[in-house]
Amino acid sequence: MIVNNYMKAFAFLSVLLVSINLLAQKHVPLPHGMVFGDKPDTTDMLAASKIEAHMDKAVRVSTTLRGKVLKVTQQKGGWFELDAGNGRVIAAHFKDYRVTIPTDLQGRVVIIQGIAEKQFIADDLQHFAGDTVVGKKQHTVNVDPKRRLTFEVKGLVVDK
């Protein structure tokens with residue numbers, strides 16, 4: 001009986017010491033200048049809010065952007081969302097799937113280099129071939145106007 005109480009006390013103390021040790025660890029934020037993938041070339045850098053005006057009628061543009069990460073959607077493969085201003089979002093992912101980014105990137109300003117691409121979806125009431133019916137069978141596409149750009153990232157550097 002006494003041994004049982006000592007074992008319970010020992011187990012409780014060991015769990016307590018381990019948890020205190022884990023809580024005492026300081027979290028180190030991502031340092032300025034940390035690079036994921038290739039180091040971006042910052043000579044022709046644009047603000048993420050100006051990319052659509054820069055692209056004009058081009059479908060794909062190779063460029064370098066500076067913007068704020070809204071959310072890291074998937075760490076493996078480097079999937080994240082970049083703020084493009086006016087409520088718009090750029091869905092970005094790394095070209096190299098082996099790149100893993102931390103969730104701490106959320107809220108940080110980053111510089112990314114890669115290929116911006118416009119997404120085209122038939123939402124302007126055009127019909128597909130043979131789709132001329134009306135009513136319940138009519139084809140409808142719900143397009144989110146905030147998600148019209150994708151970005152294939154070759155390199156990222158933490159700016160702020």
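Let's start at Thr150, which, leaving aside neighbours within four places in sequence, is in contact (heavy atoms within 4.5 Å) with Ile90, Ala91, Ile115, Ala116, Glu117 and Gln119. This is a predicted model, where local features need pLDDT of at least 70, side-chain atom pairs count only at pLDDT 80 or more, and totals for chains, interfaces and linings use all residues. Residues are numbered from 1 along each chain as its sequence is written, and side-chain values use heavy atoms, without hydrogens and water.

Thr150 sits in strand β7, residues 149–158 (strands are DSSP runs of E, at least two residues; helices are runs of H or I, at least four; both are numbered from the N terminus). Thr150 counts as buried because its relative accessibility is 18% (buried is under 20% relative accessible area, exposed over 50%, partly exposed in between, with a 1.4 Å probe and protein chains only).

From here, step into the largest nonpolar core, which has 27 residues (such a core joins buried Ala, Val, Leu, Ile, Met, Phe, Trp, Tyr and Cys residues through side-chain atoms within 4.5 Å). Ile90 is one of the residues with the most contacts inside this core, and β7 gives the most to it, with five residues.

Finally, the structure holds four salt bridges (a side-chain nitrogen of Lys or Arg within 4 Å of a carboxyl oxygen of Asp or Glu). One of them joins Arg60 and Glu117, with the closest N and O atoms 3.5 Å apart. This pair links strand β3 to strand β6, 57 residues apart. Glu117, also a contact of Thr150, is partly exposed at 30%.
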